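User: I would like to learn how to read the features of a structure like this one, step by step. Could you take me through it?

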Amino acid sequence: MINFFVSLKTTVWTLLVLICLFFVGSYMMPAHREVFEPMNGDILFRWATGVASAHLWHTWWVFAALAALMLLMFNTLVCSIQTVRGKWSRADFLLRISPQIVHLGFLFILLAHLLGAGWGYKISGMLPEGSYARLPEDKALYLKEIRVETDANGFMKDWAAEASVFEHNTQVMTGTLGPNKPLFYDGVGIYVKNLNFEKGPAAFLVIARDPGTTWALAGGLFFSLGSVMLLVLKWKKA
């Protein structure tokens, strides 16, 4: 069993299977939008246990891809443990540790996605000016004012929205939302997708919390550092 997990063939075949599954997904997702569009408004695990499990004929490849990613994770983890437990020498220390740094970054990135898929949340909807939106963890969002700037012809040139975040009924932050200008508080991101003026000023908001962001950042740094180290050391050795 150990030989299976440390084998490079396992890695190659798993990656090949993932590519094939993603190819299937590139057809399934646009062909069955009613099944996959809810993914944009929810976390992965809740979508998988709800919508996806009810449409297995269209979503089987998602579960197969998750299983393949788990296999790749164990393959990476066991391979790194076996390498670390082996004999080391000062001469090849950096050359041997750099792939393990890449592996660590990859595992951190997977952990980040796991945390976000299972323990985050994503809420979206239209919030009128002067209204509150209740959020998990005893938080609330208040949309105080929407300001619109127009040109001489009356066309919208710029806009901004003043919003406040409350926690335990106490205001903890106030900020300005705008185009490509979200607000962040305690791991919660607040984004404005568009405005609506049909029944008074209102903003379509997306509020998301991803507990894996710190792990994703650490994983990206480790992955980049290990890759650069490995490239430089291989170049020098050649």
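Predicted model: local features only at pLDDT ≥ 70, side-chain atom pairs only at ≥ 80, totals over all residues.

User: How do I read two packed helices, and at what angle do H2 and H5 cross?

Analyst: Two packed helices are described by the angle between their axes and the distance between the axes. Here the axes of helix H2 (residues 8-31) and helix H5 (residues 56-85) cross at roughly 155° and come within 9 Å. The axes are lines fitted to C-alpha atoms, for helices over the stretch in contact, with angles from 0 to 180 degrees between N-to-C directions; helices (H or I, at least four residues) and strands (E, at least two) are DSSP runs, numbered from the N terminus. The angle makes H2 roughly antiparallel to H5, a term for angles over 145 degrees, where under 35 is roughly parallel, 65 to 115 roughly perpendicular and the rest oblique. The crossing of H2 and H5 is also left-handed, that is, the near helix is turned anticlockwise from the far one by less than a right angle, clockwise being right-handed.

User: Which residues of H2 and H5 meet?

Analyst: Contact means heavy atoms within 4.5 Å, and on the H2 side the residues include Thr10, Leu18, Phe22, Gly25 and Met29, while those on the H5 side include Trp57, Trp61, Ala65, Leu72 and Asn75. By class, this contact of H2 with H5 has 16 nonpolar, six polar and no charged residues, where Ala, Val, Leu, Ile, Met, Phe, Trp, Tyr, Cys and Pro count as nonpolar, Asp, Glu, Lys and Arg as charged, and the others, Gly among them, as polar.

User: Where do the axes of H4 and H5 stand, and which residues take part?

Analyst: The axes of H4 and H5 come within 8 Å and cross at roughly 145°, and the crossing is left-handed. Among the residues that meet, Leu44, Trp47 and Ala48 are in H4, and Leu56, Val62 and Phe63 are in H5. The contact of H4 with H5 divides into nine nonpolar, two polar and no charged residues.

User: How should I read aromatic pairs, and how many are there?

Analyst: A pair of aromatic rings is described by the distance of the centres and the angle of the planes. Rings of Phe, Tyr and Trp (its six-membered ring) pair if their centres lie within 6.5 Å, and planes under 30 degrees apart count as stacked, over 60 as edge-to-face and the rest as tilted; by this rule the count comes to eight aromatic pairs. The rings of Phe36 and Trp47 have their centres 5.8 Å apart and their planes at 35°, so this pair is tilted. It links distant parts of the chain, with Phe36 in helix H3 (residues 33-36) and Trp47 in helix H4 (residues 44-54), 11 residues apart. Ring pairs link Phe36, Trp47 and Trp61 into a cluster.

User: Are Phe36 and Trp47 buried or exposed?

Analyst: Buried means under 20% relative accessible area, exposed over 50%, and partly exposed in between (1.4 Å probe, protein chains only). Phe36 counts as buried at 4% relative accessibility, and Trp47 counts as buried at 2%. Another pair, Phe108 with Phe222, is edge-to-face, with 5.7 Å centre to centre and 70° between the planes. Phe108 lies in helix H6 (residues 93-119) and Phe222 in helix H7 (residues 213-237), so the pair ties together parts that are 114 residues apart in sequence. Phe108 is buried at 18%, whereas Phe222 is partly exposed at 31%.

User: What does Ser98 touch?

Analyst: Ser98 lies in helix H6 and counts as buried at 0% relative accessibility. Not counting residues up to four places away in sequence, Ser98 touches Gly226, Met229, Leu230 and Leu233.

User: Which value of phi does Glu137 have, and which does Asn169 have?

Analyst: Most residues other than glycine have a negative phi, and most peptide bonds are trans. Phi of Glu137 is positive, near 60°, and Glu137 is placed in the loop between strand S2 (131-135) and strand S3 (139-150). Asn169 has a positive phi of about 65° and is placed in the loop between strand S4 (156-167) and strand S5 (170-177). Glu137 is partly exposed at 39%, while Asn169 is exposed at 62%.

How values were computed:
Residues numbered from 1 in each chain as written. Heavy atoms only, no water.
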